[in-house]
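Trainee: I am new to this one and would like a guided tour. Could you take me through it feature by feature?

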Amino acid sequence: MTRTQVAIIGAGPSGLLLSQLLHLHGIDSVVLERQSRSYVEARIRAGVLEQGTVELLHKAGVGERLQRERLVHDGFGLGFGGRNFRIDLKRLAGQSVSVYGQTEVTKDLMDARLASGAKLIFEAADVTVSGIDGGRPTVRYTHGGASHELHCDYVAGCDGYHGICRQSVPAAAIQAFERVYPFGWLGVLADVPPATHEIVYSNHARGFAMCSMRSLTRSRYYIQCASDERLDAWSDARFWDELRARLPAEVAEAVTTGPSIEKSIAPLRSFVVEPMQFGSLFLVGDAAHIVPPTGAKGLNLAAADVRVLYQALVERYRTGSGELLERYSETCLRRIWKVVRFSWWFTSLMHKFDDDPFAHRIQLADLDYLTGSAAAQTSIAENYVGLPFERPL
Ligand code: FAD
Ligand code: PHB
């Protein structure tokens, strides 16, 4: 039997960042991760960090390599009707975003945690959580063939959409809101220079496409695909042809092709549970909410939850007051629903939903309106760079 103050389930960005911030404030935690370290470090996911996320990573003491290696983007492109229209984030919203892979964020956090002797347990199987409603939580798991028991004050469920923490809450105490989109994203990573300096989101009659990057020599591209698309049906050559067919000509011509080093399909959904806390269990990041990747918000939203939770736990241990902890869910949900709305709206604007030409004309009209309206551009820019942090109600 072991004891800690906060048991953290999941060593994705949410779990690692929370554990690191708590450590810097003298709060002890144990992180339990189902996968191996190398598996967690290799997962290719997000690429865009809001300034607020960058600042939180600095606060966590993991900002040094990020500061050196990130690419600062002052704008992004919207491709449609054969053109590439630039949204000037810096001018319209006064901020930029940083391109720095989630893989790198995870690596920096992992290195920092391990360097300070963190209790990080990889390949922890059969994790269960009990006693969360009685104030005496216990986490049980098996590791290296042996059963273990961890007693704690609080449990942070940072175990992603498929984790067990959300499922540990009685069904009657939680409500889920969901929208599943009738398509996915097929992503390719390749060691070729990016086609553009900034990210381009392209609306096309053949379906959505986008150009992103990880560095000046590594590109990340996505195309909309069917939800049940088979990965093996997509040779590199077929992917490059389809990508170029969906981009404005000037962007398509600038695409450098090359062998893919990773290729994967991600389904798209919007999902939120309310509330995000039950007794001593707090759900954080993808365990509580999923947004389609079109607005680049998932990781940023996870970081925003961590920010609220670590501050509430620091207050609880410093002053004994559980006031901020009690408001964790409502504080987070105010931001979450605005981000869910933006990600849903941007997804709806840019993707092909069916073969209805009316629907496509409406999207083009919306995009054309955007190009002529400073108000509409400011709205998209404000949301893209990240909404301001709200004080607890
Ligand atoms: P996760 O990263 O899912 O981590 C959860 C961890 O818990 C995992 O390591 C998992 O192995 C572990 N776990 C699960 N179950 C258990 C268990 N039973 N016991 C122990 N451990 C368990 N977001 C952005 O902000 N910007 C982007 O540009 C962006 N692009 C994206 C592109 C794609 C294609 C995808 C798929 C996502 C993208 N996202 C983006 C979303 C972002 O990747 C996620 O929101 C982010 O990973 C959430 O972090 P998390 O730590 O909450 O969850
Ligand atoms: C990425 O680079 O992986 C990326 C960038 C922007 C998005 C989604 C994904 O909106």
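Mentor: Gladly! Let us begin with ligand 1: by class, its shell has 13 nonpolar, 11 polar and 7 charged residues. Here Ala, Val, Leu, Ile, Met, Phe, Trp, Tyr, Cys and Pro count as nonpolar, Asp, Glu, Lys and Arg as charged, and the others, Gly among them, as polar. Before we go on, please note that this is a predicted model, where local features need pLDDT of at least 70 and side-chain atom pairs count only at pLDDT 80 or more, while totals for chains, interfaces and linings use all residues. Residues are numbered from 1 along each chain as its sequence is written, chains are lettered from A and ligands numbered from 1 in the order in which they are written, and side-chain values use heavy atoms, with hydrogens and water left out.

Trainee: Which residues come closest to ligand 1?

Mentor: A residue is near a molecule or strand if one of its heavy atoms lies within 4 Å of it. In this model, 31 residues surround ligand 1, and the closest are Ser 14, Glu 33, Gln 102, Asp 286 and Leu 299.

Trainee: How do I read the polar contacts of this ligand?

Mentor: A polar contact is a pair of N or O atoms within 3.5 Å; within protein, one must be able to donate a hydrogen and the other to accept it, and residues adjacent in sequence count only if both atoms are side-chain atoms. For ligand 1, a polar side-chain atom of Arg 45 lies 3.3 Å from an oxygen atom of the ligand. The backbone takes part too: a polar backbone atom of Ala 296 is 3.1 Å from an oxygen atom of ligand 1, and a polar backbone atom of Asn 300 is 3.1 Å from an oxygen atom of this ligand.

Trainee: What share of ligand 1 does the protein bury?

Mentor: Accessible areas come from the Shrake-Rupley method with a 1.4 Å probe; for residues, only the protein chains shown count as cover. Taken alone, ligand 1 exposes 1,000 Å², and the protein buries 91% of that.

Trainee: Which elements give two or more residues to the shell around ligand 1?

Mentor: Helices (H or I, at least four residues) and strands (E, at least two) are DSSP runs, numbered from the N terminus. Two or more shell residues come from helix H1 (13–24) and from helix H9 (298–319). H9 gives the most, with 3 residues.

Trainee: Now for ligand 2. Which residues come nearest to it?

Mentor: There are 13 residues around ligand 2, and Tyr 201, Ser 212, Arg 214, Tyr 222 and Pro 293 come nearest. Pro 293 uses its backbone, with an N or O atom 2.8 Å from an oxygen atom of ligand 2. On its own this ligand exposes 280 Å², of which the protein buries 97%.

Trainee: And what makes up the shell around ligand 2?

Mentor: The shell divides into 7 nonpolar, 3 polar and 3 charged residues. Strand S16 (209–213) and strand S17 (219–225) each supply at least two of its residues.

Trainee: How many disulfides does the structure hold?

Mentor: A disulfide is a pair of cysteine sulfur atoms within 2.5 Å. This structure holds 0 disulfides.

Trainee: Are Cys 211 and Cys 225 buried or exposed?

Mentor: Buried means under 20% relative accessible area, exposed over 50%, and partly exposed in between (1.4 Å probe, protein chains only). Cys 211 is buried, at 1%, and Cys 225 counts as buried at 6%.
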